[in-house]
Amino acid sequence: MDDRELLGLLAAEAPAPRPGLADEVVARARRTRTRRRWKAAAGGLALAAAVAIAVPVVLQHESALQSDSSAAKPASGPLEGQKLREKSGEAYSLGDSAPEALASGRSAGSAAVYEAAIDAFLKEGTNDDLRKARPLRILDQVCPLRGECADRPLDRGLKRELSERMPEVSFVQDDLTLDLVEPLRLGEARIDGDKARVPVSGRLLRLELSRGRWQVVGGL
Amino acid sequence: MAEEEAFRRFVAERSAALLRLAYLLTADRAGAEDLVQNALVKAYLRWRNIESNPEAYVRRVLVTVAADERRRAHRRHETAMEALPETVDGTDPYAGIDGNVRLRSALASLPSRQRAAVVLRHWVGLEVAEVAELLGCSAGTVRSQTLRGLEKLREAYGLAVEGEARG
């Protein structure tokens, strides 16, 4: 008996092909192909999501660094009021906030909502003193509708955009009352499509987007 | 569609031979079926590239996977043993009934690469250089592995014949 015959004895014990073998294989291969495609798509989505998150963060960080360097000059500027505030440590420029400050969850784009809410709040009859006060002081802490403010600064992007929109604004770290006027306290805005709610100094203002502008519709 | 038809034809015509080869490579019926099915799935997914010689591709997959002893042992929770599991001195009552039992045991006890060398050289009929290329080793290794493997198989079959004659 030669070697091939020897192996042939064993090969004869091999299982016979199952009748539906080709169908099983094709079905499995199709499932594998579909799974691979899903994996590739999921990988692409994950990459896109990572880029979508990373790029704005990097851009925001870069612009914050730029504003830090540009804000250093006005801080030593000739304005008397500015000097006084620097001495007392009462107010600070945007770039002075700690770099590790946590984002409050608001994007800089929500500044329009805050601006409309602050404007409406100041126009309200009982806030005359606050409206006339210059600078308009805003407490740099995330404040709930009721209770104590969180030890968490306002979003850096929001402050920057609000400063651009409202030059009279100054963010302060202490909620000291100056000339009988308390600093404005802002809470986290809830924006849902064309509706928004913003806590401003203990009031929850309701706003709606109308013709591209946010308008307060209740809460005053 | 034409591709799928060609693939189905290939499976219909060659699956029996592939199962025999897989069984010789694994010495395990269930393992052989799994091995062939996995190899065919891979072949289907690459059919466009391998259509000219699908059998060579499937054979390569079978050999590569079967020769990976550690993976196979892990999957089956088994460990290859040097000694044959049964003897013919009366402790294996089936040895006298089935003359192939010891041959089968001998095949199963061969290290997977030695088994692959024997099967590819003497069952498939590949040249030593082709076997060496498939297994990723030298021609000398193929020769020595084939020699040792065949010795064990012959010895086992001889004992089986002797046992059968006694029984």
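How many residue pairs are in polar contact between chain A and chain B, counting pairs with both at pLDDT 80 or more? The count is 10. Keep in mind that this is a predicted model.

Let's look at chain A's side of that contact. Two elements of chain A give two or more residues to the side that touches chain B: α1, residues 3-11, and α2, residues 21-75. Helix α2(A) gives the most, with 12 residues. Now sort that side by class. It has 15 nonpolar residues, 10 charged and 2 polar.

Next, both sides together. Chain A brings 27 residues to the contact, and chain B brings 31 residues. How is the extent of such a contact expressed? The size of an interface is often given as the accessible area lost when the parts come together. Here, chain A and chain B bury about 3000 Å² between them. Of that area, 65% lies on carbon and sulfur atoms.

Now the charges. Across this interface, the rule finds 5 salt bridges. One example to find on your screen: Arg18(A) and Glu33(B). Their side chains meet in a salt bridge, at 3.6 Å from N to O.

One last stop, inside chain B. Find Glu155(B), in helix α9, which runs over residues 139-166 of chain B. Is Glu155(B) buried or exposed? Its relative accessible area is 52%, and the cut-off for exposed is over 50%, so Glu155(B) counts as exposed. Then look across to Leu103(B). In sequence, Glu155(B) and Leu103(B) are 52 residues apart. In space, they are 8.7 Å apart, C-alpha to C-alpha.

Key
Residues are numbered from 1 along each chain as its sequence is written. Chains are lettered from A and ligands numbered from 1 in the order in which they are written. This is a predicted model: local features need pLDDT of at least 70, side-chain atom pairs count only at pLDDT 80 or more; totals for chains, interfaces and linings use all residues. Side-chain values use heavy atoms; hydrogens and water are left out. Contact means heavy atoms within 4.5 Å. Buried area is the accessible area (1.4 Å probe) that two parts lose on being put together, summed over both. A salt bridge is a side-chain nitrogen of Lys or Arg within 4 Å of a carboxyl oxygen of Asp or Glu. A polar contact is a pair of N or O atoms within 3.5 Å; within protein, one must be able to donate a hydrogen and the other to accept it, and residues adjacent in sequence count only if both atoms are side-chain atoms. Helices (H or I, at least four residues) and strands (E, at least two) are DSSP runs, numbered from the N terminus. Ala, Val, Leu, Ile, Met, Phe, Trp, Tyr, Cys and Pro count as nonpolar, Asp, Glu, Lys and Arg as charged, and the others, Gly among them, as polar. Buried means under 20% relative accessible area, exposed over 50%, partly exposed in between (1.4 Å probe, protein chains only).
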